[in-house]
Amino acid sequence: MVKYTLTYFEGRGRAEVSRLIFAAAGVKYEDVRIGFDKWPALKTSGRCPFGTLPLLEVDGKAIGQSFAVARFLANETGLAGKTNYEKAQVDMIAYAFKDLGDEMVKFAFESDEAKKAELTKKFLTEIAPKTLSAVEKLLEANNGGKGFFVGKEVTWADLAFLASTDDLVQFKDAKLLAAHPKLEALRQRVSALPKIKKWLETRPETPF
C-alpha cells in the first residue's frame, strides 16, 4: 500500500484541495500540520523541493508545488477526468481557481492599508466576478450546470472550486456566489457528497 504524507501549516490554505481529493477518494494519508515556528527547520532540511509547502511525500518521494501535488493526487485517485480532453478541461478550471487564490494572497498580506483596500476592491469588483462568470458558463455547458464542471462525476476542478469558496464566502457584503446561482448550487452539491460532507464536518477549525 502506498504511503502518502501531506505536510502543511495549521490551516486550509494551499493544501486544502489535496485534502479534499483524499477525502473524496477515501484514501488514507498522514495529515501533518506544523506551526510557523517549525517551518525554518523544515525549510532548510532539504525535504521540500522548492523550499515551500505543501509537501507531499509518496513512499518517501517528495513532490512540491500545491497544484502539482493536487493534480498528481487527482490522477492517482481517478478524479482528473476520463479522457485527455476532459483532463485538460479539469486542469483549466482548477487553475482558474488557483489564479483567484493568488490574487487573494496579494491583498491578504499587504501591509499598506491604502493599497490593501485598493487591491481588495479590485478583486471583489473586477477579478472575482470575471472569473466566476467564466467558470459558470463552463459549468452551464455541461448538462446545463446541473451536475459537475466536467463529465458526469466529481473531479478535482469541483474540489478546487469548493476550496476556493472557503475564502470567497468570507466577503459577505460582496455576495460573490449569490450573483452566480449555478455555482452556489454546485457548492451545495459538492459539499453534500457523503465523504466530502464528513470531511467538512470533522476537519480542524482553522483561521485560514
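At 27% relative accessibility, Asp-31 is partly exposed. That class lies between buried (under 20% relative accessible area) and exposed (over 50%), using a 1.4 Å probe and protein chains only. This is a predicted model: local features need pLDDT of at least 70, side-chain atom pairs count only at pLDDT 80 or more, and totals for chains, interfaces and linings use all residues. Residues are numbered from 1 along each chain as its sequence is written, and side-chain values use heavy atoms, without hydrogens or water.

Asp-31 meets the side chain of Arg-19 in a salt bridge, 3.2 Å from N to O. The pair spans 12 residues, from Arg-19 in helix α1 to Asp-31 in strand β2. Helices (H or I, at least four residues) and strands (E, at least two) are DSSP runs, numbered from the N terminus. Arg-19 is buried, at 0% relative accessible area.

## Other salt bridges

The whole structure holds 15 salt bridges, each a side-chain nitrogen of Lys or Arg within 4 Å of a carboxyl oxygen of Asp or Glu. One network links Arg-12, Glu-16, Arg-19, Asp-31, Arg-33, Asp-166 and Arg-203.

Arg-71 and Asp-91 form another salt bridge, at 2.7 Å from N to O. Arg-71 sits in helix α3 (residues 66–77) and Asp-91 in helix α4 (residues 84–108), 20 residues apart. Arg-71 is partly exposed at 37%; Asp-91 is buried at 14%. Glu-184 bridges to Arg-187, with the closest N and O atoms 3.7 Å apart. These two are three residues apart in helix α7 (residues 181–191), so about one helical turn separates them.

## Strand β1 and its partners

All six residues of strand β1 (residues 4–9) are buried. β1 runs antiparallel to strand β3 (residues 55–58), joined by four bridges. Strands pair if DSSP finds at least two bridges between them. Leu-6 has Leu-56 of β3 as its bridge partner.

β1 also pairs with strand β2 (residues 30–34), in the parallel sense, over five bridges. Thr-7 stands opposite Val-32 there. From β1 the chain passes through helix α1 (residues 16–25) to β2, a right-handed β-α-β crossover. Right-handed means that, with the strands pointing away from the viewer, the path from the first strand over the helix to the second runs clockwise.

## Aromatic contacts

There are 15 aromatic pairs. Rings of Phe, Tyr and Trp (its six-membered ring) pair if their centres lie within 6.5 Å; planes under 30 degrees apart are stacked, over 60 edge-to-face, the rest tilted. Phe-9 and Phe-36 form a tilted pair, 4.9 Å centre to centre with 35 degrees between planes. Phe-9 is buried at 12%, whereas Phe-36 is exposed at 56%. One cluster holds Tyr-8, Phe-9, Phe-36, Trp-39 and Phe-208.
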